[in-house]
Amino acid sequence: MNFHVMTLFPEMIEQGLSNSITGRAKDKGYISFNAINIRDYSADYKHHKVDDYTYGGGAGMLMQAQPIYDCFQAINEEIKKNSDSAPRVIYVTPQGRVFNQSMAQELAREENLIFLCGHYEGVDERVLEEIVTDYISIGDYVLTGGELPAMVMIDAISRLVPGVLNNDESAMTESFNNNLLEYPQYSRPEEWMGKKVPAILLSGDHKKVDEWRLEQSIIRTKERRPDLYEKWLAENPPKPEKPKRKRRKKSAAAETTDNADINSQTEAGGIAAEACESENNEEKK
Ligand code: SAH
(Lines give C-alpha, C1' and ligand atoms only; values in the text may rest on other atoms or scores of the structure.)
Protein backbone atom coordinates (compact mmCIF):
# COMPACT_ATOMS: atom_id res chain seq x y z
CA MET A 1 0.00 0.00 0.00
CA ASN A 2 1.47 3.31 -1.10
CA PHE A 3 0.25 6.60 0.36
CA HIS A 4 0.98 9.77 -1.63
CA VAL A 5 0.25 13.00 0.22
CA MET A 6 0.02 16.39 -1.48
CA THR A 7 0.73 18.97 1.21
CA LEU A 8 2.36 22.29 2.00
CA PHE A 9 3.95 20.69 5.10
CA PRO A 10 5.53 17.37 4.07
CA GLU A 11 7.66 17.23 7.23
CA MET A 12 4.47 17.01 9.34
CA ILE A 13 3.46 13.84 7.50
CA GLU A 14 6.94 12.31 7.58
CA GLN A 15 7.47 13.02 11.28
CA GLY A 16 3.95 12.07 12.25
CA LEU A 17 4.01 8.64 10.63
CA SER A 18 7.64 7.58 11.04
CA ASN A 19 7.27 6.32 14.62
CA SER A 20 5.88 3.24 16.29
CA ILE A 21 3.71 0.84 14.24
CA THR A 22 3.44 2.91 11.04
CA GLY A 23 7.19 3.63 11.13
CA ARG A 24 8.02 -0.06 11.51
CA ALA A 25 5.55 -1.01 8.77
CA LYS A 26 7.27 1.47 6.47
CA ASP A 27 10.74 0.13 7.32
CA LYS A 28 9.57 -3.41 6.63
CA GLY A 29 8.03 -2.37 3.31
CA TYR A 30 4.36 -3.15 4.07
CA ILE A 31 3.46 0.49 3.41
CA SER A 32 5.19 3.52 1.97
CA PHE A 33 4.43 7.20 2.34
CA ASN A 34 5.47 9.81 -0.03
CA ALA A 35 4.80 13.40 1.12
CA ILE A 36 5.06 15.81 -1.81
CA ASN A 37 5.38 19.54 -1.35
CA ILE A 38 2.78 21.31 -3.52
CA ARG A 39 4.96 24.43 -3.35
CA ASP A 40 7.55 22.67 -5.54
CA TYR A 41 5.00 22.81 -8.37
CA SER A 42 4.25 26.52 -8.14
CA ALA A 43 4.55 28.33 -11.48
CA ASP A 44 5.85 31.30 -9.48
CA TYR A 45 9.52 30.34 -9.57
CA LYS A 46 10.57 33.35 -7.50
CA HIS A 47 8.27 33.19 -4.45
CA HIS A 48 6.77 29.71 -4.86
CA LYS A 49 3.36 31.18 -4.22
CA VAL A 50 0.52 28.66 -3.90
CA ASP A 51 -2.40 30.73 -2.54
CA ASP A 52 -4.34 33.86 -3.39
CA TYR A 53 -7.41 35.89 -2.42
CA THR A 54 -10.85 34.49 -3.14
CA TYR A 55 -13.01 35.97 -5.89
CA GLY A 56 -16.11 37.65 -4.50
CA GLY A 57 -14.29 38.74 -1.35
CA GLY A 58 -14.20 37.16 2.10
CA ALA A 59 -11.58 36.44 4.67
CA GLY A 60 -8.51 34.31 4.11
CA MET A 61 -6.48 32.84 1.29
CA LEU A 62 -7.31 29.99 -1.01
CA MET A 63 -4.94 27.34 -2.42
CA GLN A 64 -4.68 27.79 -6.17
CA ALA A 65 -5.52 25.16 -8.77
CA GLN A 66 -2.36 25.03 -10.89
CA PRO A 67 0.29 23.88 -8.35
CA ILE A 68 -2.05 21.17 -7.04
CA TYR A 69 -2.90 19.94 -10.52
CA ASP A 70 0.74 19.77 -11.58
CA CYS A 71 1.69 18.02 -8.34
CA PHE A 72 -1.10 15.47 -8.93
CA GLN A 73 0.04 14.87 -12.53
CA ALA A 74 3.60 14.17 -11.37
CA ILE A 75 2.41 11.64 -8.75
CA ASN A 76 0.05 10.01 -11.24
CA GLU A 77 2.84 9.56 -13.79
CA GLU A 78 4.94 7.78 -11.15
CA ILE A 79 2.03 5.51 -10.14
CA LYS A 80 1.31 4.61 -13.78
CA LYS A 81 4.79 3.11 -14.10
CA ASN A 82 3.82 0.30 -11.71
CA SER A 83 0.05 0.12 -11.77
CA ASP A 84 -2.73 -0.11 -14.37
CA SER A 85 -5.55 1.12 -12.17
CA ALA A 86 -6.25 4.81 -11.65
CA PRO A 87 -5.66 5.72 -7.99
CA ARG A 88 -8.38 7.15 -5.77
CA VAL A 89 -7.73 10.79 -4.90
CA ILE A 90 -9.00 11.82 -1.48
CA TYR A 91 -9.55 15.45 -0.57
CA VAL A 92 -9.70 15.64 3.22
CA THR A 93 -12.35 18.24 3.97
CA PRO A 94 -14.97 18.99 6.62
CA GLN A 95 -17.43 18.86 3.71
CA GLY A 96 -16.90 15.13 3.07
CA ARG A 97 -18.43 11.84 4.24
CA VAL A 98 -17.36 11.19 7.82
CA PHE A 99 -14.54 8.64 8.00
CA ASN A 100 -15.17 5.36 9.82
CA GLN A 101 -13.75 1.85 10.21
CA SER A 102 -15.61 0.35 7.26
CA MET A 103 -14.26 3.11 4.99
CA ALA A 104 -10.78 2.29 6.36
CA GLN A 105 -11.32 -1.38 5.51
CA GLU A 106 -12.45 -0.54 1.99
CA LEU A 107 -9.52 1.83 1.37
CA ALA A 108 -7.01 -0.71 2.77
CA ARG A 109 -7.67 -2.82 -0.33
CA GLU A 110 -6.27 -0.15 -2.68
CA GLU A 111 -2.74 -0.30 -4.04
CA ASN A 112 -2.19 3.48 -4.13
CA LEU A 113 -4.02 6.32 -2.43
CA ILE A 114 -3.46 10.01 -3.09
CA PHE A 115 -4.40 12.50 -0.36
CA LEU A 116 -4.84 16.23 -0.89
CA CYS A 117 -4.38 18.34 2.25
CA GLY A 118 -5.98 21.77 2.10
CA HIS A 119 -4.86 24.75 4.17
CA TYR A 120 -6.05 28.30 4.88
CA GLU A 121 -9.60 28.70 3.52
CA GLY A 122 -9.38 25.56 1.41
CA VAL A 123 -8.82 24.82 -2.28
CA ASP A 124 -10.00 26.30 -5.60
CA GLU A 125 -13.09 24.30 -6.56
CA ARG A 126 -12.00 23.74 -10.17
CA VAL A 127 -9.02 21.54 -9.36
CA LEU A 128 -11.14 19.52 -6.95
CA GLU A 129 -13.65 18.87 -9.77
CA GLU A 130 -10.78 17.81 -12.00
CA ILE A 131 -8.90 15.33 -9.80
CA VAL A 132 -10.80 14.31 -6.65
CA THR A 133 -12.64 10.96 -6.42
CA ASP A 134 -13.53 11.01 -2.68
CA TYR A 135 -14.35 13.82 -0.26
CA ILE A 136 -13.71 12.64 3.30
CA SER A 137 -14.00 14.39 6.67
CA ILE A 138 -12.67 13.15 10.01
CA GLY A 139 -15.47 14.78 11.98
CA ASP A 140 -17.76 17.77 12.30
CA TYR A 141 -15.22 20.40 13.29
CA VAL A 142 -12.86 22.62 11.31
CA LEU A 143 -9.08 22.23 11.54
CA THR A 144 -6.36 24.53 10.23
CA GLY A 145 -5.14 22.04 7.63
CA GLY A 146 -5.59 18.60 6.09
CA GLU A 147 -2.33 17.08 7.39
CA LEU A 148 -3.76 15.74 10.66
CA PRO A 149 -6.86 14.28 8.93
CA ALA A 150 -4.65 12.62 6.30
CA MET A 151 -2.45 11.14 9.07
CA VAL A 152 -5.49 9.94 11.00
CA MET A 153 -6.76 8.15 7.91
CA ILE A 154 -3.37 6.74 6.92
CA ASP A 155 -2.87 5.39 10.44
CA ALA A 156 -6.30 3.72 10.52
CA ILE A 157 -5.89 2.27 7.01
CA SER A 158 -2.29 1.10 7.56
CA ARG A 159 -3.10 -1.07 10.56
CA LEU A 160 -5.55 -3.00 8.35
CA VAL A 161 -2.90 -3.76 5.72
CA PRO A 162 -1.87 -7.42 6.15
CA GLY A 163 1.40 -7.74 8.08
CA VAL A 164 1.33 -4.28 9.67
CA LEU A 165 0.02 -5.45 13.02
CA ASN A 166 2.02 -8.30 14.51
CA ASN A 167 -1.18 -10.17 15.13
CA ASP A 168 -3.67 -9.79 12.25
CA GLU A 169 -6.38 -11.18 14.47
CA SER A 170 -6.36 -8.16 16.74
CA ALA A 171 -7.84 -6.00 13.96
CA MET A 172 -10.69 -8.52 13.65
CA THR A 173 -11.76 -8.33 17.29
CA GLU A 174 -11.37 -4.60 17.77
CA SER A 175 -13.97 -1.91 18.20
CA PHE A 176 -16.34 -1.34 15.25
CA ASN A 177 -15.88 -4.83 13.90
CA ASN A 178 -19.49 -6.09 13.55
CA ASN A 179 -20.70 -2.77 14.97
CA LEU A 180 -19.56 -3.65 18.49
CA LEU A 181 -17.04 -1.93 20.76
CA GLU A 182 -14.26 -4.07 22.17
CA TYR A 183 -14.73 -5.74 25.57
CA PRO A 184 -12.77 -4.58 28.67
CA GLN A 185 -9.25 -5.96 28.97
CA TYR A 186 -6.90 -6.58 31.89
CA SER A 187 -3.19 -7.27 32.39
CA ARG A 188 -1.03 -8.04 35.44
CA PRO A 189 -1.39 -7.89 38.39
CA GLU A 190 -4.49 -9.97 39.13
CA GLU A 191 -5.50 -7.45 41.79
CA TRP A 192 -4.89 -3.71 41.65
CA MET A 193 -6.27 -1.10 44.07
CA GLY A 194 -8.60 -3.78 45.43
CA LYS A 195 -10.02 -4.48 41.94
CA LYS A 196 -9.77 -8.07 40.74
CA VAL A 197 -9.54 -9.31 37.18
CA PRO A 198 -12.86 -11.08 36.37
CA ALA A 199 -12.43 -14.73 37.39
CA ILE A 200 -13.60 -16.07 34.03
CA LEU A 201 -10.51 -14.60 32.33
CA LEU A 202 -8.27 -16.72 34.58
CA SER A 203 -10.30 -19.90 34.06
CA GLY A 204 -8.51 -21.08 30.91
CA ASP A 205 -11.92 -21.97 29.41
CA HIS A 206 -11.66 -20.30 25.99
CA LYS A 207 -15.29 -20.86 25.07
CA LYS A 208 -16.51 -19.21 28.27
CA VAL A 209 -14.01 -16.37 27.82
CA ASP A 210 -15.30 -15.75 24.29
CA GLU A 211 -18.90 -15.77 25.51
CA TRP A 212 -18.05 -13.34 28.32
CA ARG A 213 -16.22 -11.02 25.92
CA LEU A 214 -19.12 -10.94 23.46
CA GLU A 215 -21.50 -10.25 26.30
CA GLN A 216 -19.33 -7.42 27.62
CA SER A 217 -18.99 -5.96 24.10
CA ILE A 218 -22.76 -5.88 23.78
CA ILE A 219 -23.26 -4.28 27.20
CA ARG A 220 -20.60 -1.69 26.51
CA THR A 221 -21.90 -0.83 23.04
CA LYS A 222 -25.47 -0.50 24.31
CA GLU A 223 -24.32 1.84 27.08
CA ARG A 224 -21.80 3.97 25.23
CA ARG A 225 -22.88 3.88 21.60
CA PRO A 226 -26.62 3.19 21.35
CA ASP A 227 -26.46 4.14 17.64
CA LEU A 228 -23.98 1.32 16.93
CA TYR A 229 -25.90 -1.07 19.16
CA GLU A 230 -29.02 -0.54 17.04
CA LYS A 231 -27.05 -1.49 13.92
CA TRP A 232 -25.66 -4.59 15.61
CA LEU A 233 -29.14 -5.56 16.76
CA ALA A 234 -30.53 -5.22 13.24
CA GLU A 235 -27.86 -7.65 12.00
CA ASN A 236 -28.25 -10.02 14.95
CA PRO A 237 -32.00 -10.21 15.48
CA PRO A 238 -33.08 -11.78 18.76
CA LYS A 239 -33.81 -15.50 18.63
CA PRO A 240 -37.38 -16.44 19.57
CA GLU A 241 -37.63 -17.06 23.30
CA LYS A 242 -37.33 -20.71 24.32
CA PRO A 243 -40.05 -22.30 26.47
CA LYS A 244 -39.35 -21.63 30.17
CA ARG A 245 -38.56 -25.21 31.21
CA LYS A 246 -35.89 -25.46 28.51
CA ARG A 247 -34.12 -22.28 29.61
CA ARG A 248 -30.46 -22.62 30.34
CA LYS A 249 -29.01 -22.33 33.79
CA LYS A 250 -27.19 -19.16 34.70
CA SER A 251 -23.66 -19.55 33.31
CA ALA A 252 -20.46 -18.70 35.13
CA ALA A 253 -19.80 -16.04 32.52
CA ALA A 254 -23.13 -14.36 33.14
CA GLU A 255 -22.57 -14.43 36.89
CA THR A 256 -19.54 -12.22 36.52
CA THR A 257 -21.56 -9.38 35.08
CA ASP A 258 -23.40 -7.05 37.37
CA ASN A 259 -25.86 -6.05 34.67
CA ALA A 260 -29.15 -7.55 35.81
CA ASP A 261 -30.72 -6.93 32.41
CA ILE A 262 -28.74 -9.55 30.59
CA ASN A 263 -27.44 -12.00 33.11
CA SER A 264 -29.57 -14.98 32.25
CA GLN A 265 -28.32 -15.87 28.78
CA THR A 266 -24.90 -15.78 27.23
CA GLU A 267 -25.48 -16.14 23.49
CA ALA A 268 -25.74 -13.03 21.34
CA GLY A 269 -29.30 -13.89 20.29
CA GLY A 270 -30.41 -14.30 23.89
CA ILE A 271 -28.84 -11.04 24.91
CA ALA A 272 -30.40 -9.28 21.99
CA ALA A 273 -33.81 -10.78 22.87
CA GLU A 274 -33.63 -9.36 26.39
CA ALA A 275 -32.40 -6.01 25.15
CA CYS A 276 -35.29 -5.89 22.71
CA GLU A 277 -37.83 -6.74 25.39
CA SER A 278 -36.76 -3.73 27.36
CA GLU A 279 -37.32 -1.63 24.27
CA ASN A 280 -40.93 -2.79 23.92
CA ASN A 281 -40.15 -5.09 21.03
CA GLU A 282 -40.03 -2.35 18.46
CA GLU A 283 -40.82 -3.83 15.05
CA LYS A 284 -37.87 -4.16 12.66
CA LYS A 285 -38.52 -2.20 9.48
N1 SAH B 1 -13.25 26.88 4.56
C2 SAH B 1 -13.39 25.45 4.70
C3 SAH B 1 -12.52 24.92 5.81
C4 SAH B 1 -11.05 25.06 5.52
S5 SAH B 1 -10.05 24.35 6.76
C6 SAH B 1 -14.84 25.11 5.00
O7 SAH B 1 -15.53 25.90 5.63
O8 SAH B 1 -15.29 24.00 4.63
C9 SAH B 1 -8.55 24.11 5.91
C10 SAH B 1 -8.29 22.70 5.44
O11 SAH B 1 -8.20 21.83 6.55
C12 SAH B 1 -9.32 22.09 4.52
O13 SAH B 1 -9.08 22.45 3.19
C14 SAH B 1 -9.17 20.62 4.77
O15 SAH B 1 -8.21 20.03 3.92
C16 SAH B 1 -8.68 20.55 6.21
N17 SAH B 1 -9.73 20.18 7.20
C18 SAH B 1 -10.25 21.00 8.14
N19 SAH B 1 -11.15 20.35 8.90
C20 SAH B 1 -11.22 19.09 8.45
C21 SAH B 1 -11.98 17.94 8.80
N22 SAH B 1 -12.87 17.96 9.79
N23 SAH B 1 -11.79 16.79 8.11
C24 SAH B 1 -10.90 16.75 7.09
N25 SAH B 1 -10.16 17.81 6.70
C26 SAH B 1 -10.30 18.97 7.35
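**Reading the model**

Modeller: Met151 counts as buried because its relative accessibility is 11%, where buried means under 20% relative accessible area, exposed over 50% and partly exposed in between (1.4 Å probe, protein chains only). This is a predicted model, in which local features need pLDDT of at least 70 and side-chain atom pairs count only at pLDDT 80 or more, whereas totals for chains, interfaces and linings use all residues. Residues are numbered from 1 along each chain as its sequence is written, and side-chain values use heavy atoms, with hydrogens and water left out.

Biologist: Which residues does Met151 touch, not counting residues up to four places away in sequence?

Modeller: Contact means heavy atoms within 4.5 Å. On that basis Met151, which lies in helix α6, touches Met12, Ile13, Gly16 and Leu17. Helices (H or I, at least four residues) and strands (E, at least two) are DSSP runs, numbered from the N terminus.

Biologist: At what angle do helix α1 and helix α6 pack?

Modeller: Axes are lines fitted to C-alpha atoms, for helices over the stretch in contact, and angles run from 0 to 180 degrees between N-to-C directions. Here α1 (residues 10–17) and α6 (residues 147–158) pack at about 30 degrees, with their axes 10 Å apart. Met12, Ile13, Gly16 and Leu17 of α1 meet Glu147, Leu148, Met151 and Ile154 of α6.

Biologist: In which sense do β1 and strand β2 pair?

Modeller: Two strands pair if DSSP finds at least two bridges between them. β1 and β2 (residues 32–37) pair in the parallel sense over 6 bridges, with Thr7 opposite Asn37 of β2. β1 also pairs with β6 in the parallel sense, over 5 bridges, and Phe3 has Leu113 of β6 as its bridge partner. Of the 6 residues in β1 (residues 2–7), 5 are buried.

Biologist: Is Asp124 buried or exposed?

Modeller: Asp124 is buried because its relative accessible area is 14%. This residue sits in the loop between β6 (112–117) and α5 (125–131), and touches Leu62, Met63, Gln64 and Ala65, leaving aside residues up to four places away in sequence.

Biologist: Which side chain does a polar contact join to that of Asp124?

Modeller: A polar contact is a pair of N or O atoms within 3.5 Å; within protein, one must be able to donate a hydrogen and the other to accept it, and residues adjacent in sequence count only if both atoms are side-chain atoms. The side chain of Arg126 makes such a contact with Asp124, at 2.7 Å.
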